[in-house]
Amino acid sequence: MSDLETFTFLPLKLDPQSKALSAQQPGPRALEAELAALNALHRSLHSLEAPHTVPPPPVPVNPKRSANVTKLRESGNAEYRKQRYADAIKFYGLGLQMALTRPMWEPSQLVREEVHQLYSNRAQAHMQLLNWPEAAADAEASVEAKRQGNAKAWFRRGKCLVEMGRLEEAKEWVGKGLEVEGEEKELMELLKEVETKIAQAKASDL
């Protein structure tokens, strides 16, 4: 049988003074080597002067991943400018996939900053293809990632709701957007448009 298919219990002992680990009885050379390396690491850490008693954390952000996310977003923007909206959606989707699969130890704020732009841009591309439900979902996800300073996403979801005939929901959404973003021009104009459509709908029901 291979080593991966067997388990051998080897009791260890800890020296109360040096805190060094050793086998209570002679074991394989591989075990002795592992214990020697572990004890050497322990001694080297204790030899460090304060405040550097703990090794510094690894670099929290992978610069290569950040560069790739940026490149995918820019590729999507380039396709959008060429009016290749379906291709733009694909690039934005790949960028989102890469941003959302960052390791958990990387800053969440970085992820939010990346995904809010990608979701908002993909929403705009969907709007060009009249994919209103998909665009509305992306715009909402963008706002969830970044509520303030994201007026475009607030506007885009509001516009999609209007196009889907969900006027009351659009009015409520745009109203919340104005509370967050202040008197943003596009949102104010959209609110007027929604209120006009609601008034017209009520008048036609009379």
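This dialogue covers an aromatic pair and a pocket in a predicted model.

Biologist: What should I know about the model before reading it?

Modeller: The model is predicted: local features need pLDDT of at least 70 and side-chain atom pairs count only at pLDDT 80 or more, while totals for chains, interfaces and linings use all residues. Residues are numbered from 1 along each chain as its sequence is written, and side-chain values use heavy atoms, with hydrogens and water left out.

Biologist: How many aromatic pairs does the structure hold?

Modeller: A pair of aromatic rings is described by the distance of the centres and the angle of the planes. Rings of Phe, Tyr and Trp (its six-membered ring) pair if their centres lie within 6.5 Å; planes under 30 degrees apart count as stacked, over 60 as edge-to-face and the rest as tilted. The structure holds 2 aromatic pairs. In one of them, Trp154 and Trp173 have ring centres 4.6 Å apart and planes at 40°, so the pair is tilted.

Biologist: Are Trp154 and Trp173 buried or exposed?

Modeller: Buried means under 20% relative accessible area, exposed over 50%, and partly exposed in between (1.4 Å probe, protein chains only). Trp154 is buried at 1%, and Trp173 is buried at 12%.

Biologist: Which residues lie nearest the centre of the largest pocket?

Modeller: Rolling a probe the size of a water molecule over the atoms shows where empty space is left. A pocket is an open set of points on a 1 Å grid over the protein atoms alone, where a 1.4 Å probe fits, with protein on both sides within 12 Å along at least five of seven lines; lining residues have an atom within 4 Å of a point. Here 15 residues line the largest pocket, and Ala99, Leu100, Ser108, Val111 and Arg112 lie nearest its centre.
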